[in-house]
Amino acid sequence: MSINFDEQNFKILENSYPVPMILDTDTFNEIDDQFAVVYAIMSPDKIDLKGITAEVFFNCRSTSYADGMEKSYQEIQRILTTLNLTEKIPALKGSTRILKNKKDFVESAAADFIISEAKKAKERNEKLFVAAIGALTNVASAFNKAPEIAEDIVVIWLGGHEIEFDGNPREFNLEGDVIASQVVIESKAKMIRIPCWNVAGKLTIAAEELHESLKGGGIAGEYLKDVFASWWHNQINKIIWDISAIAYINIPEAMETRIISKPKLDDECYWHHTDSEEKIMEITKIDRDKVFADLFARVKKHNNN
Ligand SMILES: [Ca+2]
């Protein structure tokens, strides 16, 4: 039994805030991670942010997995520099490739940091929370390098769609490293999974509302407005997927959940229900308005301009 997490009910215990957390993020892959990074930083009453680890990604904003990780690291540094926090919150470089097989691991400062923070949490009789808002390469590497740490970790992962989703299951974070996704799902870590399409996908916002809501948000508010404006799609509504993982810690009451047998993830990215004794929590619904209200209130409260 840990003193900060009820493993049966997947609940953070009431008196245990702020909980120790590492944010694992493919920060530069689009523009929602930056919101999640700022949101985590602005939640010191709920989150004891131990560090931010840079995750791989490979899309039109990178030339390789390694380049994606490097660009994510630079973006984390940009945020910490903007907020004058480089001395307070460590940023760590992650994997430079994805996993080759289920026993593989990639050496990185990020994986070693996850291992060492999990061991420290265990000494305190706590769980370490890892909010993972990208592929799971760093987390899986930590688990494969030091398998004993998995049971001391709660992974809050935004990855994959709903198990019952009948469209293409190749969601970006899951597909970013399918083997790593399988390693973490099959590990002894407790997982709270936030499906993307019909769950986190409800976190949409238009530029007008964003600008109005970030008035008085100081340097962080200006940074988020700039990031939003840089989005090349120039959509009217943008989904800010990644704030869901932080919101689960801050305001779990804004979410509906289910505890089910641990599903199986196959090599083609399809989920399958099982009758396993091991359980997983999945988020089934998110109160969009509550999440954005919490984010914007925090940015304004911590306005350091
Ligand atoms: Ca992300």
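Author: Residues are numbered from 1 along each chain as its sequence is written. The model is predicted, so local features need pLDDT of at least 70 and side-chain atom pairs count only at pLDDT 80 or more, while totals for chains, interfaces and linings use all residues.

Reader: What makes a stretch of residues a helix or a strand?

Author: Helices (H or I, at least four residues) and strands (E, at least two) are DSSP runs, numbered from the N terminus. Strand E14, for instance, covers residues 279-286 and contains Glu282.

Reader: Which residues is Glu282 in contact with, leaving aside its neighbours within four places in sequence?

Author: Two residues are in contact if their C-beta atoms, placed from the backbone, lie within 7 Å. On that basis, Glu282 is in contact with Arg193, Pro195, Thr257, Arg258 and Ile260, leaving aside its neighbours within four places in sequence.

Reader: How do you know whether Asn84 and Cys269 are buried, partly exposed or exposed?

Author: Asn84 has 10 other C-beta atoms within 10 Å, and is therefore exposed. Cys269 has 16 C-beta neighbours inside 10 Å, so it counts as partly exposed. Asn84 is in the loop between H2 and E5, and Cys269 is in the loop between strand E12 (264-265) and strand E13 (271-272). Neither is a glycine, yet phi is positive in each: about 60 degrees for Asn84 and about 80 degrees for Cys269.

Reader: Why is helix H4 called largely enclosed?

Author: Helix H4 (residues 137-145) is largely enclosed by the rest of the structure because 8 of its 9 residues are buried. The buried residues include Val139, Ala140 and Phe143. Among the elements that the buried residues of H4 pack against are strand E3 (19-25), strand E4 (47-54) and helix H3 (109-123).

Reader: What is the relation between the directions of helices H1 and H9?

Author: Two packed helices are described by the angle between their axes and the distance between the axes. Axes are lines fitted to C-alpha atoms, for helices over the stretch in contact, and angles run from 0 to 180 degrees between N-to-C directions. Angles under 35 degrees count as roughly parallel, over 145 as roughly antiparallel, 65 to 115 as roughly perpendicular and the rest as oblique. The axes of H1 (residues 32-41) and H9 (residues 243-250) come within 8 Å and cross at roughly 25 degrees. H1 is therefore roughly parallel to H9. On the H1 side the contact is made by Asp32, Phe35, Ala36, Tyr39 and Ala40, and on the H9 side by Ile243, Ala245 and Ile246.

Reader: How do you know which strands pair in the sheet, and in which order they stand?

Author: Two strands pair if DSSP finds at least two bridges between them. E8 and E14 have 2 bridges and run parallel, with Ile192 opposite Met281. E7 and E8, also parallel, are joined by 5 bridges, and Trp157 stands opposite Arg193. E11 and E14 run antiparallel and are joined by 7 bridges. The open sheet has 8 strands in the order E5-E4-E3-E6-E7-E8-E14-E11, and its pairing is mixed.

Reader: What makes E5 and E11 edge strands?

Author: E5 and E11 (255-261) each have a single partner strand, so one side of each is left without a neighbour in the sheet.

Reader: Why is the crossover from E3 to E4 called right-handed?

Author: A crossover is right-handed if, with the strands pointing away from the viewer, the path from the first strand over the helix to the second runs clockwise. E3 and E4 pair in the parallel sense over 7 bridges. Between these strands the chain passes through H1, and this β-α-β crossover is right-handed.

Terms used:
Buried ≥ 20, exposed ≤ 12 C-beta atoms within 10 Å, placed from the backbone.
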